[in-house]
Amino acid sequence: MENTSTPVKQLAQISCYHCGERCEEEILHHEGKDFCCAGCKTVYDVLSENDLCDYYDLSDAPGSNRRKENTRTNRFDYLDDTDVRDKLVDYQDGKQVHVTFFVPLIHCASCIWLLENLNRLHEGVVDSRVNFIEKKVQIRFFKEEISLKELVALMAGIGYEPRINLSDMVPQTTRPADRKLIYQLAVAGFCFGNMMFFSLPEYFSEAELLGQGFRELFRYLNVVLALPVFFYSASDYYRNAWYSLKNRSISMEVPIVLGIVTLFTYSLYEIFLIDQEGYLDTLGGLLFFLLLGKLYQQKTFDTLSFDRDYTSYFPIGVSKLTQNTEQVIPLTKVQVGDRIRVRNEELVPADSVLLDEEATIDYSFVTGEEVPVLVKKGALVYAGGRQKGAAIQLLVQKSPSQGYLTDLWNNEAFSKNEQEDSLASLATRISGKFTFTVLLIAFGALSYWSFYDFSMGIRAFTAVLIITCPCALAMSTPFTLGNVMRIFGKRGFYLKNTQVIEKLAGLDTLVFDKTGTLTAPSKARVHYQGESLSEETRGVVKALVNHSIHPLSNRINRWLGSVPAVKLEQVEEIPGKGLRAVYKSQSLVLGSASFAGMKSSPQARSAGNEVHLVIEGVHLGTFYIESGIRQGMEEMIPALASNYSLHLLSGDQDHEKTELEKKLGTALRMHFQQSPKDKLNQIQQLREGGHRVLMVGDGLNDAGALKAGHVGIAVTENISHFSPASDAILDGEKLRHLPAYLDFAKLGRKIIKSSFGLSFTYNTLGIYFAVQGLVSPVFCAILMPASSISVVLFTTLATNYFARRKGMNEKTELRWK
């Protein structure tokens with residue numbers, strides 16, 4: 001772009017078009033606009049060239065937080081170092097790189113808009129997503145079109161340089177305090193205290209404590225003290241109200257701002273024009289108590305967020321290898337340098353180096369693309385990849401990040417994309433209409449009292465605006481659901497988000513997988529018939545089942561005990577069918593009758609599932625596996641049958657149908673020989689029939705069905721695997737508590753509705769007294785945060801009370817009724 005800017009000497013106080021700061025030394029005129037420096041002009045040129053000047057329409061002076069630093073390009077040369085780059089990136093392959101930056105300069109809607117439009121500034125950027133609360137930006141870009149160094153330079157060039165600190169890569173568990181809010185509260189508290197002192201002569205006007213001259217002096221001092229309260233302590237309320245009005249909505253800040261402005265302007269009118277005391281001490285108390293309540297809410301939300309991060313961390317077990325022995329350990333105990341084993345369909349828990357010759361990794365969990373990637377020995381395998389094929393050994397290179405894995409679980413590629421009404425959205429809709437109604441009542445009270453006592457009208461108008469706050473209504477849903485989610489986490493039931501709780505409360509149909517869900521490996525009985533298995537053959541079978549996490553493979557593995565496994569070649573698992581491999585140039589098959597080329601034996605009708613072993617086309621024998629019903633299922637199914645329609649979908653033959661009906665009852669509609677596609681179709685048919693469906697499966701062959709249901713629960717053993725399509729993860733041993741979980745989810749909705757009633761009752765009473773001028777604005781300012789506190793206490797105490805009644809908070813058996 002041709003440089004048409006012209007520097008001129010400053011003649012008046014002119015603000016920079018980009019950053020809003022005063023042009024101190026010189027002014028650069030460019031395209032009819034004024035800039036304070038070449039840096040701000042350059043940023044404007046970049047945005048203008050890419051048709052991104054909408055940036056300036058979203059906020060006033062959105063570049064105001066931009067620090068004018070040296071943007072020389074060689075400052076970021078260290079990002080070309082391979083070791084540094086590998087520490088920073090979350091994921092990279094032959095095409096894409098994923099990285100997350102902390103950008104402290106994010107401060108307004110314009111910042112979010114611009115950072116989420118980086119792909120318009122450079123075609124190498126695929127997309128970007130901003131987390132405003134944590135001030136983080138997640139970016140995906142093509143490595144061949146833009147390097148990490150060029151990306152950081154691009155962000156720095158437009159005023160949003162990431163803060164990169166290689167010595168502190170571990171995220172903090174607690175958020176830093178909001179210093180601005182604390183400063184605003186301190187200013188309001190200091191001024192309020194002094195304004196009350198200066199107002200003592202007015203409080204005791206009949207005693208004539210001071211002369212008239214001192215009274216006037218104290219009034220003027222109150223005006224001086226009110227200025228920082230009005231312009232600084234209340235600044236966030238002005239900003240939020242302005243954004244709300246720009247978006248053509250009315251938020252809770254709008255009536256608060258009207259009350260603040262009314263008190264301030266009417267007090268100035270009384271003090272300077274009619275020689276009265278005004279309400280400036282009331283204004284100081286109003287802001288002090290409003291900010292105090294805001295700080296309390298923020299602290300409570302931070303605590304709730306920490307509980308969520310702590311109790312419902314990504315629940316995955318890891319198979320650690322120590323001197324050829326395998327031990328399943330929690331994710332939190334995995335350390336750099338550990339050797340781990342990842343089987344077919346299992347998730348890679350941490351960035352690791354491949355120790356085997358090759359592996360096929362499915363990164364759809366990370367990228368959304370389902371094309372597996374071939375990885376060779378010594379290559380880096382990223383956390384979130386899913387192993388496809390034979391089990392592999394990995395050497396951990398990075399400590400696993402629970403936050404990163406949880407972000408992957410919430411990947412948009414696996415969201416259900418359902419626009420459903422919820423209590424949270426209901427509260428939002430009610431809050432908007434509620435605020436509009438409050439404004440009408442406030443102006444009505446002002447109009448009425450204006451005919452009798454205008455001062456009383458101002459008092460009633462301000463009191464109505466302050467005391468009737470919908471924040472308690474808005475807070476009830478997240479606090480209740482957050483507490484329910486925390487309690488679920490303590491009992492081993494991990495939910496993706498709070499919306500799942502509301503969906504659980506509205507279900508009418510439950511669908512269960514059989515193998516690995518209603519049945520448990522620890523309860524199964526294995527019988528082998530055929531040729532006697534030598535020690536070497538046992539080692540071959542052990543090696544085969546070691547490469548699979550299918551429930552039948554786990555049962556055979558358990559039956560074999562500590563038999564040492566041999567080393568196999570070309571191991572392949574066909575989902576739902578079986579395993580094939582090569583050992584000493586001999587082909588091996590272990591799987592179903594059809595997969596092994598055999599006919600199902602009559603004995604299988606009574607002996608359970610059958611798994612055939614074939615070597616070089618010769619049938620050696622058959623493993624008969626009787627499915628052991630998981631503990632508590634005989635009581636759980638009848639308990640659910642009274643409130644839900646129940647279905648069972650199984651890929652097995654129907655030889656166990658009679659036995660299952662004896663143990664579980666006839667209310668469970670059973671469907672056998674169901675392929676993964678058949679299960680998906682069954683769920684879709686139920687949904688088309690108007691049912692609200694919960695799918696409960698083991699996550700192996702049920703990914704489609706889990707995603708198709710309104711809610712999908714992946715039941716796991718040793719919490720070592722799950723499906724990204726699931727909405728919740730449940731340890732298999734806790735499945736018997738499903739009726740209690742569903743009942744408690746319904747209680748959560750009832751608590752929210754009760755808190756709605758509590759909030760409406762409070763606001764109705766508040767309006768009744770406020771329109772009559774019976775309560776002062778300061779008293780209203782105390783009551784407003786008190787209403788929020790009461791809702792928080794009510795939801796917290798209620799959820800904890802019912803949790804104790806249900807046994808949720810204790811190490812006791814959960815109660816269903």
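Which residue in β27 is the bridge partner of F512? The partner is V696. This is a predicted model, in which local features need pLDDT of at least 70, side-chain atom pairs count only at pLDDT 80 or more, and totals for chains, interfaces and linings use all residues. Residues are numbered from 1 along each chain as its sequence is written, and side-chain values use heavy atoms, leaving out hydrogens and water.

**Strand β18**

Strands here are DSSP runs of E with at least two residues, and helices are runs of H or I with at least four, numbered from the N terminus. In β18, five of five residues are buried (under 20% relative accessible area; exposed is over 50%, partly exposed in between; 1.4 Å probe, protein chains only). T509, V511 and D513 point one way, L510 and F512 the other. In a regular strand the side chains alternate between the two faces of the sheet.

β18 runs parallel to both partners below. Strands pair if DSSP finds at least two bridges between them.

**The cores**

A nonpolar core is a set of buried Ala, Val, Leu, Ile, Met, Phe, Trp, Tyr and Cys residues joined through side-chain atoms within 4.5 Å. The largest has 47 residues; F512, L518 and L738 touch the most other members. Helix α27 (residues 738-770) gives the most, with nine residues. Beyond four places in sequence, L738 is in contact (heavy atoms within 4.5 Å) with residues including F512, M636 and V696. Another core, of 44 residues, lies apart, with M195 and Y237 among them.
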